[in-house]
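Below are a few notes on the two ligand sites, for you to check against the coordinates.

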Amino acid sequence: MVSAPTMDSVIPKGSANDRLLPQGRLAGPMPWIVAIMIFLTVLACAAGIALGEGAAGMRDAVANRLTIQVTEADAARRDALVPRIRSAIARLPGVGRVTVAPQEELVRQLEPWLGADAAAAEIPIPALIDVDLSVEGQAGDATRAKVAEAVAAITPEARVEPHAAYIAPVAALVRTIGWIALAIVALMAVATSFVVVLAARGAHATHRGTIEVMHMLGATDGQVMRLFQRRMTRDISFGSIVGLVAAGAVILLVGRSIRLLAGDLMGSIALPWWGWVVLPILPIAFIGVAWFAARLTLQSALSRSL
Amino acid sequence: MTAIVQFENVGLRYGFGGETLSDLNFSLEQGSFYFLTGASGAGKTSLLKLLYLAQRPSRGAIHLFGTDIVTMARTRLPGFRRRIGVVFQDFRLVPHLSAYDNVALPLRIAGVSDAQLKTPVEEMLHWVGLTDRAHALPATLSGGEQQRVAIARAVIGRPELLVADEPTGNVDMEMANRLITLFEALNKLGTTIVVATHDFNLLGKVANARMMRLDEGKLVDPTGALRYPPRAPAAPDLPKW
Ligand SMILES: Nc1ncnc2c1ncn2[C@@H]1O[C@H](COP(=O)(O)OP(=O)(O)O)[C@@H](O)[C@H]1O
Ligand SMILES: [Mg+2]
């Protein structure tokens, strides 16, 4: 007999040794469970990233906007107030574009509610002045305060509405959903590990007889483990790739639908470019976690035998 | 004479019952041939399990190859097991491996390459008369054929100690003689052999064989002095390993 090179020598690769454990590749539910887990995880992660971006986008889009509603009931007085307010605030530092919404447009928008002759009837319609601030943050807050002051100095019959106040709860909700999606990703990682642990235990139980014989013939735990790991790595990798590809396809399709349907708000919900970098890393991390879970499980199962 | 195996006050109990083996005191000489007899249930398999490191004793000391194996870390066991060949009473062939691959398994575990193990495995299969069945799965082999595969697998690595549990229980007289001749040939090469059997026909077939008898877990002839008269069969040609 040829003497053994080392105690823990790798059982040489080859068809005969791949048969040491029965069942060819992709047997059993394991690769498909991993595929489903990865699919759902990648989707949840994509949703988390996109919603987080969306919330930020929404705030950016409206944070620097405010609308002045001139609620003066008397049409003549109102029409006189608008240019005065407009020129007063346009002079303020930090104020960018100031636009008066055309009265005809407002009438047209109110038509469905008030009827075609709303304008003719003496129903008071407020004038709207849209203001874009050219500064952000604290300077923005200061400018908003100055605008409100300037308006109040001209008339009490006008209100200043910062858009951020409307959008804040929506943005917060969107962001919360995003966090929930990321929490789901973490839970999925845990669940995947458990599934892999169960699969590893099952594999150990199924092949207990073969493992015992190998031990009795002098196989080390390392040698036994390598046989399993080769299979597990193959199963897990296959599942991850299938799950990732399927999830990628869904993300592309959904993304396209959102862009086609999108209004201003929805439009900001999109996967940023770095999302496409993060998402493929996810299955790799999962493979790592699953691989370690499988290894630890087998190790402890093997060490319980003599 | 060097002792390859030493038992001192060894006892074995399974679970919470009484001792299956008790007060075993004996040593096996290196290069000797032993028969272990005893009625069914006497504890032969249990004693062999202690020998081939499938079981640790509940008490006492066992030295194998001069090393205390009772307290030995389990990570060191594989190295010792590779020096022992085992024919299990229930064969323990790997069911999804062919006869060829089963016989090759100990060599593969020891890291021998496929190219290097081809010749010894084929010669071994030829010796046990299974060349034609080399690629058959165990399930398609008869009991006797499975037993021969098990024996071929046990001796392929030229172990220092060969432990065989009822190795001729499923074969006819002629094949039993042939297998015992194989063990003898191996013995002449220096392997210490322990064969458990309740087949008294076998006992007279090996010159200089010693007999140990178990009765209800106790060794009846602990000195191993009982020697069967040599009926000296002609030494066969040795298979080339
Ligand atoms: N794994 C085990 N667990 C519990 N009892 C066992 C076990 N193996 C053997 N025994 C018991 O030990 C006794 C001896 O069995 P065994 O060593 O197989 O005897 P033999 O090989 O001489 O027929 C029997 O009574 C048997 O029931
Ligand atoms: Mg027995």
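1. How exposed is Q89(B)? At 39% relative accessibility, Q89(B) is partly exposed, a class that lies between buried (under 20% relative accessible area) and exposed (over 50%), with a 1.4 Å probe and protein chains only. T45(B) is also partly exposed, at 25%.

2. T45(B), through OG1, and Q89(B), through OE1, coordinate the magnesium ion (ligand 2) at 1.9 to 2.3 Å. Because T45(B) sits in helix α1 (residues 44–51) of chain B and Q89(B) in the loop between β6 (84–87) and α3 (99–109) of chain B, the pair ties together parts that are 44 residues apart in sequence. Donors are N, O and S atoms within 2.8 Å of the metal (3.2 Å for Na, K and Ca), and water is not among the atoms, so the site may look incomplete. Helices (H or I, at least four residues) and strands (E, at least two) are DSSP runs, numbered from the N terminus.

3. T45(B) is also one of the residues surrounding ligand 1, with Y14(B), T20(B) and K44(B) among the others; the cut-off is a heavy atom within 4 Å. α1(B) gives the most to this shell, three residues.

4. Backbone N or O atoms lie 2.7 Å from a ligand 1 oxygen at G41(B) and 2.8 Å at K44(B).

5. Please keep in mind that this is a predicted model: local features need pLDDT of at least 70, side-chain atom pairs count only at pLDDT 80 or more, and totals for chains, interfaces and linings use all residues. Residues are numbered from 1 along each chain as its sequence is written, chains are lettered from A and ligands numbered from 1 in the order in which they are written, and side-chain values use heavy atoms, with hydrogens and water left out.

How values were computed:
Polar contact = N/O pair within 3.5 Å; in protein donor to acceptor, adjacent residues only side chain to side chain.
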